[in-house]
Amino acid sequence: MDNKIISSQSDDSNEMHSQQEEEVSSVSYLAELWRDFRKNKGAVLGLIILCLIIATAIVSTFLIDYETQIVEMNISEMFQKPSLKHWCGTDNFGRDIFLRLIYGTRYSLLIGVCSVMFSLLIGTTLGILAGYYGGVLEQVIMRISDVFSPIPSMLLAVCLTTAFGQGMVVLMAAIGVAAAPAFAQVARASVLTVREQEYIEAAKASGSKEYRIILRHVLPNALSPVLVQATLQVANAIVAASGLSFLGLGVPTPMPEWGAMLSEGRAFIRDYSYMTLFPGLAIMITVLAINMIGDGLRDAMDPKLKR
Amino acid sequence: MIRYVIKRFLLLIPILLAVSFIVYFIIDLTPGDAVDAHYSELSTEEKDEMREKMGLNDPVIIRYGRYIWGALHGDMGESTTYHEDAIKVYFARLPATLELAFWGILVAMLIAIPFGILAARKQNSLIDNASMLFGLFGLSIPNFWLGLMLIIMFSLNLKLLPSNGNESWTSIILPAITIGTSQAALLIRTTRSSMLEVIRQDYLNTARGKGVRERSVIYQHALSNALIPIITAVGSQFTASLGGAVITESVFAWPGVGRLIIDSINTRDEVMVVSAIMLTTMFSSIVIVVVDILYAFVDPRIKARYSGKSNAFAKKGR
């Protein structure tokens, strides 16, 4: 962290020189982060699992045909128990649950990541502006966030999905908006501590432009807590999205989203409980992996634990 | 202190007004209205006439104004599905939600606080690792899936507990465990990390050195200083389950507010949805304020800040 600060300070005075130094120091910062992260066995395990899941999502695009293998009904094979042919059994339309789960990976990952992008974009931007400028702007932004935060986020997401209809984009936006106030608060708190640092004063004194100070000095140094929160929020968003789909407010059928599959399986829980077992396991493993990474990141970035 | 309490409650008013406007506005964007939902047999002209009569053609601001004026007089309108006062319908459902929230948080506290403290006292021990593993899994298991798995295990296979409804006292067990597990996960982490911050402080050694028994060192000296984050977590978990138990309530067919909201959304019962969300938000805001005030009782430093006596700390702490 210190290296970065020093290099940030120098880059205003000597552009050429600092370009090189910036590169070197940011590499060493990442390397240091990676070193701390690697020590955490759980986090590494999480990272490996997540990589496998992402690989599955990518590879499935080439191997599985949506029309014939995912949505097409096959009445002769319905309700088959898990077997070598159908690893996770088949559902009420005779569709292979394992293939549907594999194919569904993309939805959960996409919704998780995109909704967090949404919260980051709105929440973090506003939070940084509020923290950096203070005054009236801060008051306005934080009051807006105060208005949104007492609405339970699940309810807010439910409202938004009903208002704007079903679909992936709405789902992402709804979850993203519902989580944005929390991001604003974390970003603001983080910026408040950075704002008082001497290197910011130095940058101001040397005549740096405001946007440059924010982008080059405030943002990188205030980012750690936001990044940790973003990682953990990806996990929350995946759970929230599958929950909304479970309620019938998420992605439209017959898309094999995990929550929607759970909801379909629920009707047959008495006789075909495997239909609810596997989609839930898929959600849990993905979320578990991301949470492990998030925890590892937090520990690696926490300066208190460094020494 | 009283001034602080009053101030906090007065600040709630503008927030609640803004919340109500946002919720009203969002629900207003929902395609279709009560006329479409309940008088679908009418012709287009008759529907328009109906809308005119019900005032649905006015701009959203005017309708909101009318709504909030009514709400301030204790009249949030009539639910179009239940044909009853929306507030009445809401309060008929509230006890079930409160019951679930109460038992859920109780389960969570009973698991999390003792184990969180134990984990912090014996850092990196078996029990610490087990607690952290529980925390990790508890956070990662989707609530509704856990509920379904519990139903499969205890209702369908073992036939021990009812899977839905609210008929006997055993009905609460599975929903409470479902909600309690994820809450316990968060709480156990909060308790542990909060205790860890305190447990290494010198004053605990001082207390020990003075001959205070270990139990009272932990439970009186350490715990009381670690309590604020724990109270915050309990408060926010409780608040979340007031409105956020939507999914759990629907898994267990629990007749609470969450299911009321989902059912009302499905029947396009705008009045009911807005009123239920408004009232839920109001209650959760009140819980948040109450929790904030609780801090002041737990933490004499905060109390001092608002007691009017201007000591050095009060000035420093804004």
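Q: How many residues of chain A are in contact with chain B, and how many of chain B with chain A?
A: This is a predicted model. In it, 32 residues of chain A are in contact with 37 residues of chain B.

Q: Which helices of chain A supply at least two residues of that side?
A: Helix 6 (135-148), helix 7 (153-164), helix 10 (210-246), helix 11 (258-266) and helix 12 of chain A each do.

Q: And what is that side of chain A made of, by class?
A: It has 22 nonpolar residues, 7 polar and 3 charged.

Q: Let's stay with helix 12 of chain A. Where does A:Arg298 lie?
A: A:Arg298 lies in helix 12 of chain A, which spans residues 274-301.

Q: Is A:Arg298 buried or partly exposed?
A: Partly exposed, because A:Arg298 has 19 other C-beta atoms within 10 Å. Buried would take 20 or more.

Q: How far apart are A:Arg298 and A:Arg188?
A: In sequence, 110 residues. In space, 18 Å, C-alpha to C-alpha.

Q: New topic, chain B. How do helix 1 and helix 4 of chain B cross?
A: Helix 1 is residues 2-29 and helix 4 is residues 60-72. Their axes come within 11 Å and cross at roughly 130°. That angle makes helix 1 of chain B oblique to helix 4 of chain B. The crossing is right-handed.

Q: Which residues meet there?
A: From helix 1 of chain B, B:Ser20, B:Phe21, B:Tyr24, B:Phe25 and B:Asp28. They meet B:Val60, B:Tyr64, B:Tyr67 and B:Ile68 in helix 4 of chain B.

Q: What about the classes in that contact?
A: The contact of helix 1 with helix 4 of chain B has 7 nonpolar, 1 polar and 1 charged residues.

Key
Residues are numbered from 1 along each chain as its sequence is written. Chains are lettered from A and ligands numbered from 1 in the order in which they are written. This is a predicted model: local features need pLDDT of at least 70, side-chain atom pairs count only at pLDDT 80 or more; totals for chains, interfaces and linings use all residues. Helices (H or I, at least four residues) and strands (E, at least two) are DSSP runs, numbered from the N terminus. A residue is buried if 20 or more other C-beta atoms lie within 10 Å of its own, exposed if 12 or fewer, and partly exposed in between; C-beta atoms are placed from the backbone. Two residues are in contact if their C-beta atoms, placed from the backbone, lie within 7 Å. Ala, Val, Leu, Ile, Met, Phe, Trp, Tyr, Cys and Pro count as nonpolar, Asp, Glu, Lys and Arg as charged, and the others, Gly among them, as polar. Axes are lines fitted to C-alpha atoms, for helices over the stretch in contact, and angles run from 0 to 180 degrees between N-to-C directions. Angles under 35 degrees count as roughly parallel, over 145 as roughly antiparallel, 65 to 115 as roughly perpendicular and the rest as oblique. A crossing is left-handed if the near helix is turned anticlockwise from the far one by less than a right angle, and right-handed if clockwise.
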